[in-house]
Amino acid sequence: ILHRICWCCQLRRGGISYDSADQTALYIRMLGDVRVRSQVGFESERRGSHPYLYVDFRGLYPPSTESVSPWGCRCCRPLSFQRRLAVSPSLLCPSSRLTLCFLDDDYAGQAKCMLRKVGSWDFDIFLFDRLTNGNSLATLTAHLFNQYGLIELFQLDVIKLYRFLVLIQEDYHSHNPYHNAVHAADVTQAMYCYLQEPQLSSSLTSCDILLGILAAATHDLDHPGVNQSFLIKTNHHLASLYQNTSVLENHHWRSAVGLLRQAGLLEHLPVEDRSNLEMRLGSLILATDISRQNEYLSQFRSHLDQDDLNLQNSAHRHLVLQMALKCADICNPCRPWELSKQWSGKVTEEFFNQGDIEKKHGLEVSPLCDRQLDTVPNIQTGFISYVVEPLFTEWRRFCSTPLSHTMLSHLGLNKAHWREESDPSAKTKPQGNQGS
């Protein structure tokens, strides 16, 4: 049985500064509200003493006696971050009946049919999550590990792999409207689409692919449903721990490494190799910090302008992986309208929930978080104009393929939809290739 112990937060004090007048940077500030620099190395996170017990096999073993949570249902659990996980002997010594087919062949018919088209850009992750009974992230990631042959290449233990995937899925907060396991599954599916692009598929190593999938699956691990500025102004201990620097991204990375180590997925590898993989995983996850968008975009654009990207160079391949993960993380506006609209409603609801909390406690309401003043169309139009379009325009320069053109086509159409909803009297004829 997986016993989930949740440790209460300790609040500590931190500061923040920002010094850019650039319009794009200003909009990014509204989303992240802090300009940051990455850090490396590990520091243990402080924990409180209030336990939270949660049990869920997700079908891994036959039903057994479950312990009742003292906090009630999962959606009512207190806000927490790094959690210790105690694993019972039955999970440490799983039955030999579980084999590789458990990961890839034991799906319902419709879910299995969907996985055959996992590389399609119109893949409906919401439908897939329903078909897998809320297990879209573990199911999809396991399928991709099998499809790429990563289990054999890295000599991974199948049971340890699935235990790791279950731990990942369970460490996402299902009550978050947006930053939950379904979002992580969507990003992982998008990352797979990018890894299949000709320039990448012919150049990436098996290690690059492993890191790309792991980073996509864990990039928002244990996200609390509030942004970085909220953690800073409420003096949360994580803001102090990471010195107001990529607070959430650093936490996602450390959480991912913690689960990797607990599951023992890579324990058979040499220590130096494990350490290198963990650091590279962190570098990818830290790249998803929206407040560093211009930094990464400028570097990528510079290489494209000079036409000197060499994918035989490991540093250049890593930069491309970072850009691919950044694109996958914010690709919702590039999806077909029906999918994009659902994601827009979910992310905006999460913003508004944060604003409601801030109002309740007498805090200044963060930008884009006031449900009385902000609207989904206005938020999405600004996000597309200042964040998404510049990134995907450069991605198309690098990877001029049918997929990159399709994404920009959807982006232009979706932007026109939001403008029309924002101002119905000023209807604009949608243009399919608005790339900037």
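**Entry 1: contacts along the chain**

I looked up how far apart in sequence the contacting residues lie, a contact being a pair with heavy atoms within 4.5 Å. Among contacts between residues at least 6 apart in sequence, 79% join residues at least 24 apart. I note that this is a predicted model, in which local features need pLDDT of at least 70 and side-chain atom pairs count only at pLDDT 80 or more, while totals for chains, interfaces and linings use all residues. Residues are numbered from 1 along each chain as its sequence is written, and side-chain values use heavy atoms, with hydrogens and water left out.

**Entry 2: overall make-up**

I recorded 20 helices and two strands in the protein. These are DSSP runs numbered from the N terminus, with helices being H or I of at least four residues and strands being E of at least two. I then turned to burial, where buried means under 20% relative accessible area, exposed means over 50%, and partly exposed lies in between (1.4 Å probe, protein chains only). Of the 436 residues, 56% count as buried. The accessible surface comes to about 18300 Å², and carbon and sulfur atoms hold 51% of it; the areas come from the Shrake-Rupley method with a 1.4 Å probe, and for residues only the protein chains shown count as cover.

**Entry 3: nonpolar cores**

I looked for nonpolar cores, meaning sets of buried Ala, Val, Leu, Ile, Met, Phe, Trp, Tyr and Cys residues joined through side-chain atoms within 4.5 Å. Which residues of the largest core touch the most other members? They are Y194, F392 and W395, in a core of 108 residues. Helix 9 (residues 181–195) gives the most to this core, with eleven residues. I listed the contacts of Y194, leaving out residues up to four places away in sequence; among them are W121, L200, C327, F392, W395 and M407. A second, separate core has ten residues, including F230, L231, L241 and L248.

**Entry 4: cysteines**

I searched the whole structure for disulfides, defined as pairs of cysteine sulfur atoms within 2.5 Å, and found zero. C399 is buried, its relative accessible area being 0%. I also checked C207, which counts as buried at 17% relative accessibility.

**Entry 5: H179**

I consulted the UniProt record, an unreviewed entry, which places the feature "active site" at H179. UniProt positions are given in the numbering used here, feature names are shortened, and annotations may be inferred rather than shown by experiment. Where does H179 lie? I found H179 in the loop between helix 8 (158–170) and helix 9. H179 counts as buried, at 15% relative accessibility. Leaving out residues up to four places away in sequence, H179 touches Y172, H173, D220, H223 and E350.

**Entry 6: salt bridges**

I counted the salt bridges, each a side-chain nitrogen of Lys or Arg within 4 Å of a carboxyl oxygen of Asp or Glu. The structure holds 14.

R280 forms a salt bridge with D208, with 2.8 Å between the closest N and O atoms. R280 lies in helix 15 (residues 271–286) and D208 in helix 11 (residues 206–218), so this pair ties together parts 72 residues apart in sequence. D208 counts as buried, at 2% relative accessibility. The side chain of D208 also meets that of R317 in a salt bridge (2.8 Å, N to O). R317 lies in helix 17 (residues 314–329) and D208 in helix 11, so this pair ties together parts 109 residues apart in sequence. Both R317 and D208 are buried.

I next looked at R397, whose side chain meets that of D305 in a salt bridge (2.8 Å, N to O). R397 lies in helix 19 (residues 376–398) and D305 in helix 16 (residues 293–306), so the pair ties together parts 92 residues apart in sequence. Is D305 buried or exposed? D305 is exposed, with a relative accessible area of 53%, whereas R397 is partly exposed, at 40%. I noted that a network of salt bridges links R301, D305, E394 and R397.

**Entry 7: V347**

I located V347 in helix 18 (residues 337–360). V347 is buried, with a relative accessible area of 14%. Leaving out residues up to four places away in sequence, V347 touches Y178 and Q380. V347 and Q380 are 33 residues apart in sequence, and their C-alpha atoms are 9.9 Å apart in space.
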